[in-house]
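Welcome! Take a moment to turn the model around on your screen, and then let us walk through it together.

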Amino acid sequence: MTSHTPPPTAAAIPAIVPSHCVQEPSAWIARFAHLVRPQGSVLDLACGMGRHTRFLSALDHRLTSVDKAPEATLSVADIAETITADIENNAWPLTGRSFDGVVVTNYLWRPLWALILDSVKPGGVLLYETFAQGNEAYGKPSRPDFLLAPGELLQVCSGWNIVAYEHGLLEQPARVVQRIAAIRPDDAALTSAPLLPA
């Protein structure tokens, strides 16, 4: 079941010191991380250099981080189970496994939708953020294969409890993104998720 405890205060969210090779976590992931069950299992898919693995590990979650680049998985091997795998061209490395939370940012490979959704436990949360149509005006990615269509994440998560959804322009750097926080229904009726204070 998803925790319905209040979100952490700003002081309770671990500080991430930015450096030239480690970025701060996405504001979207930080905002909705409280939806993941306390000390839950989290999959950081296409983890890159581990900004979300580090952030969620500091919140006492158990991390599994997947990326095709060995240097990426090696960078978080001290705090997470790591899997180096080319998930676009080889077998899915997580067959039969599911997680309390699944985090995906700056990554889109549509043939994996069903596998990603199946990786979320009933009552678990999907936090997804990547580039969307309109981004071609600001730079790469610009190919439609790598840009979400308007409402695509809503369609993918149809039947789930949608906590939040956005599609629009972000600044610094300018980019168009689409993002969703969605809870997979369990056997019970869909439940309301806690809102952050205004």
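Predicted model: local features only at pLDDT ≥ 70, side-chain atom pairs only at ≥ 80, totals over all residues.

Residues are numbered from 1 along each chain as its sequence is written, and side-chain values use heavy atoms, with hydrogens and water left out.

Let us start with the whole chain. Of its 198 residues, 47% count as buried. The chain exposes about 9900 Å², and carbon and sulfur atoms supply 55% of that area; accessible areas come from the Shrake-Rupley method with a 1.4 Å probe, and for residues only the protein chains shown count as cover. Five helices and seven strands make up the secondary structure. Here helices (H or I, at least four residues) and strands (E, at least two) are DSSP runs, numbered from the N terminus. Read from the N terminus on, the elements follow the order α-β-α-β-α-β-β-α-β-α-β-β. A contact means heavy atoms within 4.5 Å. Among contacts between residues at least 6 apart in sequence, 57% join residues at least 24 apart.

Now look for the sheet. Seven strands form an open sheet in the order E3-E2-E1-E4-E5-E7-E6, with mixed pairing. Two strands pair if DSSP finds at least two bridges between them. At the edges are strand E3 (81-84) and strand E6 (161-170), each pairing on one side only. From one strand to the next, the twist averages 10°; axes for such angles are lines fitted to C-alpha atoms, for helices over the stretch in contact, and the angles run from 0 to 180 degrees between N-to-C directions.

E1 and E4 run parallel and are joined by four bridges, with Leu43 standing opposite Val102 in E4. E4 also pairs with E5 in the parallel sense, over six bridges, and there Phe99 stands opposite Val120 in E5. The chain gets from E4 to E5 through H4, in a right-handed β-α-β crossover. Right-handed means that, with the strands pointing away from the viewer, the path from the first strand over the helix to the second runs clockwise. E5 and E7, in turn, run antiparallel and are joined by seven bridges; Leu126 stands opposite Ala182 in E7.

What packs together inside? A nonpolar core is a set of buried Ala, Val, Leu, Ile, Met, Phe, Trp, Tyr and Cys residues joined through side-chain atoms within 4.5 Å. The largest one has 30 residues, of which Leu45, Ile87, Val102, Ile116, Leu126, Tyr128 and Cys157 touch the most other members. Among the elements that each supply at least two residues of this core are strand E4 (99-105), helix H4 (113-118) and strand E5 (120-131). Not counting residues up to four places away in sequence, Leu45 touches Val66, Ile87, Trp92, Val103, Val104 and Ile116. A second, separate core of 19 residues includes Val36, Phe55, Ala181 and Ile183.

Pro122, found in strand E5, counts as partly exposed at 48% relative accessibility. Leaving out residues up to four places away in sequence, Pro122 touches Arg184, Pro185 and Asp186.

Finally, the backbone has some details to look for. Most residues other than glycine have a negative phi, and most peptide bonds are trans. Asn106, in the loop between E4 and H4, has a positive phi of about 55° although it is not a glycine. Asn106 is partly exposed, with a relative accessible area of 43%. Asp60, also not a glycine, has a positive phi of about 75° and sits in the loop between helix H2 (51-57) and strand E2 (62-67). The peptide bond from Lys140 to Pro141 is cis, with omega near 0°, and Pro141 lies in the loop between E5 and H5. A cis peptide bond also joins Gln172 and Pro173, with omega about 0°; Pro173 is in the loop between E6 and E7.

Note on methods. Buried < 20%, exposed > 50% of the residue type's maximum accessible area, 1.4 Å probe, protein only.
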